[in-house]
Amino acid sequence: MRRIAVYGKGGIGKSTISANLSAAFAKSGRSVLQIGCDPKHDSTRFLLHGLRLTTVLDYMRVTKPLDYKLDDILARGYLGIGCVEAGGPKPGVGCAGRGIISTFELLDQFKLKDNYDITIYDVLGDVVCGGFAVPIRREYADTILIVTSGEFMALYAANNILRGIRNYDGSEKRVAGIVYNQRNVEGEDERVERFAKAVDLPIFAKVPRSDAFTRAEHDNMTAMEQGTSPAICSIFTEMAATLQGDCPLYEAKPLTDEELEQTVLGTNIQSQRAANDEMGEATVISKAAVPEEVDVANPNRYLSKNMVRSEPRHGCAFNGAMSSAVHIKDAVILAHSPKSCAYITYQSVSSTGRRKLFERGALLPVALSPNIDCTEMGQPEIVFGGMEKLESKVRLIKQQRPKAIVIVSACPAGIIGDDIDRMKELSEPGMPIVPIKADGNMSGDFQQGLFLSYLSLARNLIRKDVDEVPGTVNIVAEKALVTNAQQNYELMSGFLDRMGVKVNCRFIYDTTTEALQNFCTAELNLPAYSDYTAKTLRRFFEDEYGSKFYDRGFPIGYDETCTWLREIGDYFGKPDVAEQIIDDNKQSYQQAVEELKPILSGKKLMVITFNSGLDWILKTALDIGMKIVKIGALDYSQDEGFRSRLGVDLPVELEYNPANRDSDLKKYKPDVLLANYSSSVSNGVPVSDTIPMCPDVGFESGLVLARRWARLIQMSAKGEWEQDEHLFEKYYA
Ligand code: SF4
């Protein structure tokens with residue numbers, strides 16, 4: 001398998017050379033893929049007999065991620081050559097380099113390059129932003145060809161490309177040599193030879209100016225396909241043969257600007273460099289000439305709901321990834337971002353802690369002083385790249401000896417193409433470095449950031465070679481930013497503790513690097529919720545780690561808690577302990593119900609909701625003796641319908657029209673109106689309450705609300721202040 005990046009200045013002929021080289025490989029029986037990485041998107045045109053492909057970037061603009069299909073962007077040209085065009089914005093607008101990054105990310109999802117013997121990347125080389133450097137990253141090209149003529153600007157671009165390679169590779173050897181595409185300008189041969197000698201590279205091939213190319217392109221094909229010039233054909237056939245054999249590779253040794261000028265203008269410079277006669281390692285060429293079936297199984301398995309539906313972004317992936325990663329207490333979370341992005345994250349993470357502290361006087365773990373650091377990217381990094389600053393920051397943090405360093409990239413890092421994956425090389429035993437390529441909101445919304453964080457941390461930290469420890473569980477998918485997460489956890493881990501079951505790892509909440517590494521020792525995984533995030537995470541752990549999951553999320557309300565305890569008790573062989581816990585709580589639940597009856601019994605409850613089930617509230621309301629007068633189930637719910645297991649007739653109106661709210665309030669005169677969003681106008685209802693997004697778990701979920709209603713009803717002394725509301729209705733509404 002050989003992956004070749006063909007770099008060269010725009011207009012130098014690299015597409016012609018790439019396409020003819022692809023054709024030569026295909027003629028020798030190899031399966032070939034050519035990826036055009038020039039915004040002009042005409043790299044593969046002559047392999048496709050003039051057909052212009054839909055570019056990957058145009059396709060991504062109009063297609064929802066879940067609808068991505070490889071066949072929509074991959075065409076088969078001459079001798080079955082796979083053809084893809086990245087595309088890009090019009091000159092002068094947008095960021096073409098970012099386009100290359102997005103294209104490669106999509107192609108990676110389809111694992112496209114793994115299915116061909118030969119991949120050729122045809123890349124514009126006179127642009128020096130990080131995006132255009134993507135093909136020279138190690139996971140893509142193993143061999144680099146530099147196309148140039150003898151003109152100064154072409155040689156200048158060739159030297160720049162060598163600089164880019166040097167930045168990535170240091171002294172590694174990946175350059176096969178210079179492809180000299182003759183323009184027939186005066187002194188050209190000497191200039192190219194001087195340049196090649198100065199940079200210690202061979203002239204890999206010399207392609208003369210020839211009518212054969214013009215004739216073939218006139219007929220919408222490559223010279224190799226047309227075959228009218230044996231001399232031209234033999235050049236490409238020989239190039240392909242060399243690249244399939246033990247092709248020697250060389251390190252990139254770019255010249256300084258002064259050296260380049262001297263070289264090109266003909267001054268005889270003395271190269272200080274020792275001649276490099278080492279040969280590159282032989283590359284094994286796959287014998288398979290026909291590509292295996294490309295895996296087109298949905299590559300976007302872990303997308304947020306927002307991404308699946310192509311909705312406006314809710315928050316940014318950087319913030320989501322940071323908010324989750326800060327829960328690793330002994331790690332430093334490094335935002336590769338401007339200060340402002342890190343500050344926004346700091347605010348959202350710490351606001352949860354502050355809210356809890358102000359409301360309940362309780363300190364939340366992690367949230368009040370998140371372990372965040374920042375590279376503080378500014379204009380210089382955005383123009384010249386932020387990798388140097390990132391590396392020096394990582395080295396500085398390493399001196400603090402954290403148990404792990406997690407790097408999260410924000411928008412600017414993604415736009416300029418900083419390759420934060422390279423920082424993994426600075427990992428050392430006992431201090432892994434985990435990059436999370438969130439790239440701000442380019443990879444998605446807040447929830448997508450959570451998924452990126454979960455997947456990156458799992459894949460980089462979790463060990464599969466550990467023994468299972470019986471009687472242990474992981475808690476999975478607790479919410480990083482809700483104020484009752486810790487309280488819910490303490491209640492549930494208390495129940496588990498009574499059954500002799502220990503919590504191994506919380507993925508990811510108030511945890512440690514070691515706990516994450518030992519994730520696989522747990523016997524069973526307990527999801528904290530049964531929502532989309534928890535289901536997606538479950539799918540991930542089942543697929544990649546063979547993890548075993550309990551079906552239900554943490555229980556909400558009395559009935560669900562009884563069921564949860566009985567099932568978990570049965571699983572761990574502790575049904576008697578589960579019954580004991582239920583008995584203990586039954587008494588306190590009933591006592592609370594009796595205390596609320598004098599205030600709430602007989603009071604009317606009306607509910608307007610898009611939740612699919614609210615048994616946890618309705619049961620408590622019924623136990624207390626409240627009358628449920630109306631349940632309006634709104635039809636724009638993302639859940640399906642409205643369900644109840646209480647076994648009583650409930651006055652449910654499906655597809656409830658919210659315009660009927662006021663008339664229904666007049667008709668039913670409820671004492672308590674419960675809705676997902678409470679109105680600022682009470683309409684004379686004594687208590688308007690909001691259904692919590694993340695209710696407290698356990699036996700008392702319904703009691704929490706009922707106690708509040710009782711308090712508010714007792715306090716409800718309607719007086720003169722009520723006039724404000726009438727005035728509001730009169731003048732504002
Ligand atoms: S959207 Fe981008 S710029 Fe804005 S906070 Fe997120 S990472 Fe920073």
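The shell around the ligand has 6 nonpolar, 4 polar and no charged residues, where Ala, Val, Leu, Ile, Met, Phe, Trp, Tyr, Cys and Pro count as nonpolar, Asp, Glu, Lys and Arg as charged, and the others, Gly among them, as polar. This is a predicted model, in which local features need pLDDT of at least 70 and side-chain atom pairs count only at pLDDT 80 or more, while totals for chains, interfaces and linings use all residues. Residues are numbered from 1 along each chain as its sequence is written.

**Ligand shell**
- Surrounding the ligand are Cys-316, Phe-318, Asn-319, Ser-337, Cys-341, Ile-344, Ala-410, Cys-411, Gly-440 and Asn-441, a residue being near a molecule if its C-beta atom, placed from the backbone, lies within 6 Å of it.
- Two or more residues of this shell are given by helix H11 (317-325) and by helix H12 (339-360), helices being DSSP runs of H or I with at least four residues and strands runs of E with at least two, numbered from the N terminus.

**Nonpolar core**
- The largest nonpolar core holds 108 residues, of which Ala-325, Ile-405, Val-406 and Val-408 touch the most other members; such a core is a set of buried Ala, Val, Leu, Ile, Met, Phe, Trp, Tyr and Cys residues joined through C-beta atoms within 7 Å, and buried means that 20 or more other C-beta atoms lie within 10 Å of the residue's own.
- Helix H16 (residues 446-461) contributes the largest share of this core, 7 residues.

**Open sheet**
- Three strands form an open sheet in the order S15-S14-S16, with parallel pairing, and two strands pair if DSSP finds at least two bridges between them.
- Strand S14 (residues 469-476) pairs with S15 in the parallel sense over 5 bridges, and Val-476 stands opposite Phe-507 in S15.

Terms used
Buried ≥ 20, exposed ≤ 12 C-beta atoms within 10 Å, placed from the backbone.
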